[in-house]
Amino acid sequence: MSCQCAVEDGLQPDPKEIKLGEILAKYKQQKGALIPVLQETQEVYGYLPAEVLRRISFELKIPLSKVYGVVTFYAQFHLNPRGRNIVRVCLGTACHVRGGAKILETIQKELGIEDGQTSEDLRYTLESIACIGACGLAPVIMVNEDTHGRLTPDKLGKILAQYE
Ligand code: FES
């Protein structure tokens with residue numbers, strides 16, 4: 001008997017696509033729908049894949065160039081996959097004078113990615129940011145919702161390893 005996996009796979013509806021269909025149906029007739037559609041779609045996919053943006057453009061009858069204009073204007077939207085853990089390195093003034101740049105450099109080496117990039121295994125996304133309001137603990141990083149302060153480069157490996 002021949003294997004039916006491919007056939008069966010072909011019949012499986014993609015749950016993300018179904019959700020996207022629901023989002024588009026909900027907003028289709030509404031004015032100013034683009035931003036909420038993009039926000040909800042990003043919640044489903046974790047980012048905004050190119051083919052999804054094409055579908056949004058088509059369904060909402062908004063030129064693709066305008067869709068990209070909005071996506072690239074707002075920092076909340078992401079065109080590439082994001083890591084499971086978002087590592088933010090503060091480069092605000094207090095952190096900078098206490099060695100923030102060295103912290104960033106060490107993390108870049110440790111993770112093998114540059115500022116703004118995501119590791120291939122999607123474990124980490126690395127971003128530098130301005131002051132996060134914990135200057136008394138400088139230099140500071142955030143991993144997801146956790147703040148880690150008074151850092152030295154030698155502490156970083158252990159901290160990063162906690163995040164699967
Ligand atoms: S400058 Fe880094 S927390 Fe304020």
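Two strands count as paired where DSSP finds at least two bridges between them. The legends below use that rule for a predicted model.

**View 1. The two domains of the protein chain.** The chain is divided into domain 1, residues 5–73, and domain 2, residues 85–161. Taken over C-alpha atoms, the centres of domain 1 and domain 2 are separated by 32 Å.

**View 2. An open sheet of four strands.** The strand order is E2-E1-E3-E4, and the pairing is mixed. Strand E2 (124–129) and strand E4 (146–148) are the edge strands, each pairing on one side only. From one strand to the next, the twist averages 20°.

**View 3. The pairing of strands E1 and E3.** Strands of a sheet pair through backbone hydrogen bonds, in either a parallel or an antiparallel manner. Strand E1 (residues 85–90) and strand E3 (residues 141–143) run antiparallel and are joined by three bridges. Valine 87 has valine 143, in E3, as its bridge partner.

**View 4. Helix H7 against the sheet.** Helix H7, residues 100–111, lies across E1, E2 and E3. Relative to E1, helix H7 runs at about 150°.

**View 5. Cysteine 90 and cysteine 131.** Cysteine 90 has a relative accessibility of 4% and therefore counts as buried, the cut-off for buried being under 20%. Cysteine 131 has a relative accessible area of 45%, so this residue is partly exposed; exposed would require over 50%. Zero disulfides are found in a search of the whole structure.

Terms used. Residues numbered from 1 in each chain as written. Predicted model: local features only at pLDDT ≥ 70, side-chain atom pairs only at ≥ 80, totals over all residues. Heavy atoms only, no water. Domains from an automatic or database assignment. Helix = DSSP H or I, 4+ residues; strand = E, 2+ residues; numbered from the N terminus. Axes fitted to C-alpha atoms, helices over the stretch in contact; angles between N-to-C directions. Contact = heavy atoms within 4.5 Å. Disulfide = S-S within 2.5 Å. Buried < 20%, exposed > 50% of the residue type's maximum accessible area, 1.4 Å probe, protein only.
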